[in-house]
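Subject: Structure handover

Hello,

Here is the structure for you to look at. Please open it beside this email and follow along.

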Amino acid sequence: PTNTGQSTGAPRSNKSPQHERTPSPPEEIGSRVAKFFDQKLFYGTIVKVTDPDEPLWQVAYDDGDEEEFDYDELLTAKKLYAEHKPVDKKKRKTKSTKTK
């Protein structure tokens with residue numbers, strides 16, 4: 001995506017809907033997400049929490065661009081990723097819990 005690191009979505013709100021649980025910022029690190037830019041779907045990975053008090057998550061897209069997601073943007077991107085996961089060439093592999 002051609003993005004300067006600033007979200008082009010609606011202004012950020014510090015309040016999340018009361019009926020939804022805000023994910024713990026660290027538990028989302030490593031999650032894959034997706035977002036449309038100019039009608040093209042781009043995939044990325046949550047790489048860090050930039051502000052645990054808001055919270056804001058840093059997304060690194062596969063093409064090298066980055067941006068921050070607030071809670072609502074994170075939910076949207078995770079949902080979009082779930083819908084398009086089968087075509088993600090870099091999807092995360094599930095870690096095995098077995099040890100030998």
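First, the ground rules. This is a predicted model, where local features need pLDDT of at least 70 and side-chain atom pairs count only at pLDDT 80 or more, while totals for chains, interfaces and linings use all residues. Residues are numbered from 1 along each chain as its sequence is written, and side-chain values use heavy atoms, leaving out hydrogens and water.

**The sheet and its helix**

Helices (H or I, at least four residues) and strands (E, at least two) are DSSP runs, numbered from the N terminus. Two strands pair if DSSP finds at least two bridges between them. Four strands form an open sheet in the order β1-β2-β3-β4, with antiparallel pairing. At the edges are β1 (32-37) and β4 (66-69), each pairing on one side only. On average, neighbouring strands are turned by 40 degrees against each other, direction ignored. Strand β3 (residues 56-61) pairs with β4 over four bridges. Trp57 has Phe69 in β4 as its bridge partner.

Helix α1 (residues 71-84) packs on this sheet and touches β1, β2 (40-51), β3 and β4. Contact means heavy atoms within 4.5 Å. The direction of α1 makes about 95 degrees with that of β1. Such angles run from 0 to 180 degrees between N-to-C directions, with axes fitted to C-alpha atoms, for helices over the stretch in contact.

**The cores**

Buried means under 20% relative accessible area, exposed over 50%, and partly exposed in between (1.4 Å probe, protein chains only). A nonpolar core is a set of buried Ala, Val, Leu, Ile, Met, Phe, Trp, Tyr and Cys residues joined through side-chain atoms within 4.5 Å. The largest core has eleven residues, including Val33, Ile46, Trp57 and Leu74. At least two of its residues come from each of β1, β2, β3 and α1. A second, separate core has five residues, among them Ala34 and Leu80.

**The rings**

Rings of Phe, Tyr and Trp (its six-membered ring) pair if their centres lie within 6.5 Å; planes under 30 degrees apart are stacked, over 60 edge-to-face, and the rest tilted. There are three aromatic pairs. Phe37 and Phe42 pair edge-to-face, at 5.8 Å and 75 degrees. Phe37 and Tyr61 have ring centres 5.5 Å apart and planes at 90 degrees, so this pair is edge-to-face. Phe37 sits in β1 and Tyr61 in β3, 24 residues apart. Is Tyr61 buried or exposed? At 4% relative accessibility, Tyr61 is buried. Together, Phe37, Phe42 and Tyr61 form one aromatic cluster.

Best wishes
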